[in-house]
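Trainee: I would like to learn how to read a model like this one. Can we go through it feature by feature?

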Amino acid sequence: MAGEIGHFALILALVIACLQSLVPMIGAGRGDPALMAFGRAAATLQAAFVTCAFAALAFAFVQTDFSLAAVASNTHSTMPLAYRFAGVWGNHEGSMLLWVLILSVFGAAIAWYGDNLRDSFQARVLAVQGMIGAAFLAFLLFTSNPFARLSPAPLDGAELNPLLQDPGLVIHPPLLYLGYVGFSVAFSFAVAALIEGRVDAAWARWVRPWVLAAWVCLTCGIALGSIWAYYTLGWGGWWFWDPVENASLMPWLMGTALLHSALVLERRGALIGWTILLAILTFSLSLIGTFLVRSGILTSVHAFAVDPRRGVFILAIIVGATGGALALFAARAPVLASGALFGRVSRETGLALNNLFLMALTAVVFLGTFYPVIMEAFSTDKISVGPPYYALTFAPIAVPLLVLVVFGPMLMWKRDTLAGVGARVRWPLVACGAALALGLALFPVARVTAALGIALAAWLVVGAGAILARRWRHSGDFVRAVRTTPTATYGLVLAHAGLGLLVAGVTAMSAWQSSQVLVMHPGQRVAIGRAAVTLDALTQGTGPNFVSLIASFTLDRGGRESPLVSERRFYPASRTQTTQAGIAPALAGNTYVAIGEAQDGGGIVVRLYDHPLVDWIWAGAVLMALGGTVSLADRRFRIGAARPAVLPAGRLAPA
Amino acid sequence: MTRWLYGVPVLLLAVLVAVFAHGLTKDPSRIPSTLIDRPLPPFALAGLDAASPGFAAADFTAGHEPRLLNVFASWCAACPVEHPMLLKIAAGGTPVYGLDWKDEPAKASAWLAQLGNPYRRIASDPTARTGIDLGVTGVPETFVVDRHGRIRYKQVGPITAADWEGTLRPMLDRLRAEA
Amino acid sequence: MRRLVLAAALLLAMSSSGPAAAVLPSEQLRDPTLEARARTISATLRCVVCQNQSIDDSDAPLAHDLRVIVRERLTAGDSDAAAVQYLVDRYGHYVLLKPPVIPATLVLWLGPVVLLVGGGIVVARLAARKARVPDAGLTADEAAAAARLLEGRG
């Protein structure tokens, strides 16, 4: 029954989405308030129906209704409840439904929270959202129906891949999709603005909160994915440049550029064309990512369904959405008002360079991911692009950008001088130099790049702090200075400092990681990093749907002992094995233990790793997301379109 | 701002979509063979048991006829699917040599006893070294070797009737007619 | 106790930097320099039957075979490049995780830099074109208004 309700709800949602695509757009063109208001009602209804469909699917999963094919393939009666629920999005059809759910909810949010938008503009935005929604609802209904029936229904299901039976599955995909789909709002805003022919600071003010919210979710989603891979895959890798990982990184890089470009547009009315282009491209990269994951065009450990027919459908959506938007851009962007002027040394230039570097980084990831496919079109040779490529191409472009990050907030708007900004970055420069000298002194010459990495991290962190220091130092009343500092400034400081932590973690992991692989017997003690690990005992264990071999260790760090456990699990329903690593976190780095096969003679293969500063990578990412969240809390985002301030005589307007 | 620059993104997208559409028709995990038109790498392998002699690369130049070299294993899930096809091909007169890859000879013998033996000669490659020299990544795979001992084609996956009628048989006919 | 310490020291000496995802103790070479070279090379070779893993990271049987072959070639005296070429001869460029620099991959290697530099030039020329609009300066009325505001503050 739930299946039928859900299916019907989806069909209704598709019909409404189609209407939502047309009616408000016509209404905006004619200036008809009733037709424009229909857009808001349609968006709400669409969200309601898709929510209903999602609830129906979730119900079927939790109740293990094996007559639904999706449920039968992805869940099992012995699976814990949390994973039965999260299994809704652990497969292609269900995750697509989650995508559409978030899309429709965002559309409804534009309808409810868009009171400060011009009616015609809001109507057009909702129409574009409706088009995207309709396209994906059609994709669901015609190629990936989550409510497809299995007849006869099997007695039990095929179980979710044990690697996915993890808390990570409960949070990682929803956060990612909030990010991907959140950028659709910026896309709709951009297309609507191109249709209206008007892009100004007010537009940027409307768009920025949505972009920031999506960006925060995507940052958290990517960080979570990295953490999940770290503790699940058994060897402590945290980024693999896998095509699906890259599919999440590309919208993130472009979204970061969009965020900063919209800032310039809002404050100074400059970089108009660039901001619109970025808004279109960011969501387009989300779409291309969806295409990559679900079409089978590239191999990946993450790839869902390998079905070229679905790929063709998504490609058609890309042609319509991205192609349409870019064609509109080509036609209309030249007639948009030209942006404000700015000098060669100014914050606008800094942020324009920021755009450029981030787009180049996106190009690196894009080319690396898709070049095997591109090359197939003109060559019979087949190549692979893996981590060695990115190591050579990503870092050289990222490093100048990271240097620029400290200069950016220190530059004045419109007109500044190199000497002026050079004076303002004195302290970060000192910190950087000190860190570099220390690094080179402590470590052998072969590690010059590592010392530079740490120096860069110091540059970023002190540079972030310097922003606050400059603000507070020149004010007489320290407490007042702290209270009157705009919330968004705190957001900026947190985010840029987080970036510094991330750079430190990445540098340490690249330069100073170490590992050992050996057969250990109970009682044996092995040194790893600055710690030592002793194997105490090997025992058997059981879980709700698995049996396991448990290895208990004692970790000795400078005299302090603590227990460490690593498991190898066997899941009988799917006949697969997973390794649960034992991880002992510390500020200076993690000790990571993963067991392998038991050997004849009582020993067991043990892999020991020392991971210096690896947690700083995710702490940095979380700090960045926190910075974004703090910025969102800034009152200025919740005020409507900019109104010219009426200045009482004798008072200057606040900066 | 020169207007045409605004059109670059949509043009790039058009190229990209064309590339993707083309890519959808390909299998990303299928590797082209590096040995096409090159001689078989040298090898000499024993057979499955004392009774069968095994074969070497040199054996492919003796006899002046093109042959099929089929890589199989008793643990291979897809091999029983192509086995009837191989029996048919062998019955039709084409010599098929079998390479038992990463397998135990006793198990392979039992498997062949059960399913039928299409192979003129069988070699055992338990360490998979010869397989790696041939660029084998899985089973079943089949090589078309001409009378001079050169590899002319590699079939990845089971040989279906369509593969035989459409690709392999015409190729073998051509190779027989060749000098 | 002494033997344990000795064993630990030997093992420490054999450890290499970088992840050791799937290498088994039985595969490792006794010579630590050769083993380190093998690990570095393995990290750049693709497991041809896996999804985007190096042979160092994968526990597929073929990855094991290839790891062993790399070690055999190094033990036989091959240079790093020769050992890698041995596998390229058999599996083609697909086995290299670092794509070869050949005419067909020029766009891959140079594309982003060209984009960065090209984009930079475009932006600089745009800025130059805009900057040619002269700054008009303040009119007399604007100057007076500015003076009034500034005086009002002091």
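Trainee: In which sense do strand S5 and S6 of chain A pair, and over how many bridges?

Mentor: Start with the general idea. Strands of a sheet pair through backbone hydrogen bonds, either parallel or antiparallel. Now the case here, in a predicted model. Strand S5 (residues 560–571) of chain A and S6(A) pair in the antiparallel sense, over five bridges.

Trainee: In what order do the strands of the open sheet run?

Mentor: The order is S2-S3-S4-S5-S6 in chain A. Five strands form this open sheet, with antiparallel pairing. From one strand to the next, the twist averages 25 degrees.

Trainee: Which strands stand at the edges?

Mentor: Strand S2 (525–528) and strand S6 (576–580) of chain A. Each has a single partner strand, so one side of each has no neighbour in the sheet.

Trainee: Next, helix packing. At what angle do helices H18 and H19 of chain A cross?

Mentor: Roughly 165 degrees, for helix H18 (residues 487–512) and helix H19 (residues 614–632) of chain A. Their axes come within 7 Å. Angles over 145 degrees count as roughly antiparallel, and H18(A) and H19(A) are therefore roughly antiparallel to each other.

Trainee: What is the handedness of the crossing, left or right?

Mentor: H18(A) passes H19(A) in a left-handed crossing. The contact of H18(A) with H19(A) has 21 nonpolar residues, eight polar and no charged.

Trainee: On to domains. Which domains does the assignment give for chain A?

Mentor: Domain 1 is 400–512 + 625–637, and domain 2 is 514–614. Note that domain 1 of chain A is written as two segments. The centres of domain 1 and domain 2 of chain A, taken over C-alpha atoms, are 38 Å apart.

Trainee: How many residues does each domain of chain A give to the contact?

Mentor: Five come from domain 1 of chain A and four from domain 2 of chain A. The domain 1 side has four nonpolar residues, one polar and no charged.

Trainee: Last, the chain interface. How many residues of chain A are in contact with chain B?

Mentor: A general point comes ahead of the count. The size of an interface is often given as the accessible area lost when the parts come together. Here we count residues: 25 of chain A are in contact with 19 of chain B.

Trainee: Which element of chain A gives the most to that side?

Mentor: H11(A), with 12 residues. The elements giving two or more residues are helix H10 (272–295), helix H11 (308–332) and helix H12 (347–376) of chain A. By class, the chain A side divides into 17 nonpolar, six polar and two charged residues.

Notes: Residues are numbered from 1 along each chain as its sequence is written. Chains are lettered from A and ligands numbered from 1 in the order in which they are written. This is a predicted model: local features need pLDDT of at least 70, side-chain atom pairs count only at pLDDT 80 or more; totals for chains, interfaces and linings use all residues. Axes are lines fitted to C-alpha atoms, for helices over the stretch in contact, and angles run from 0 to 180 degrees between N-to-C directions. Helices (H or I, at least four residues) and strands (E, at least two) are DSSP runs, numbered from the N terminus. Angles under 35 degrees count as roughly parallel, over 145 as roughly antiparallel, 65 to 115 as roughly perpendicular and the rest as oblique. A crossing is left-handed if the near helix is turned anticlockwise from the far one by less than a right angle, and right-handed if clockwise. Ala, Val, Leu, Ile, Met, Phe, Trp, Tyr, Cys and Pro count as nonpolar, Asp, Glu, Lys and Arg as charged, and the others, Gly among them, as polar. Domain bounds come from an automatic or database domain assignment. Two residues are in contact if their C-beta atoms, placed from the backbone, lie within 7 Å. Two strands pair if DSSP finds at least two bridges between them.
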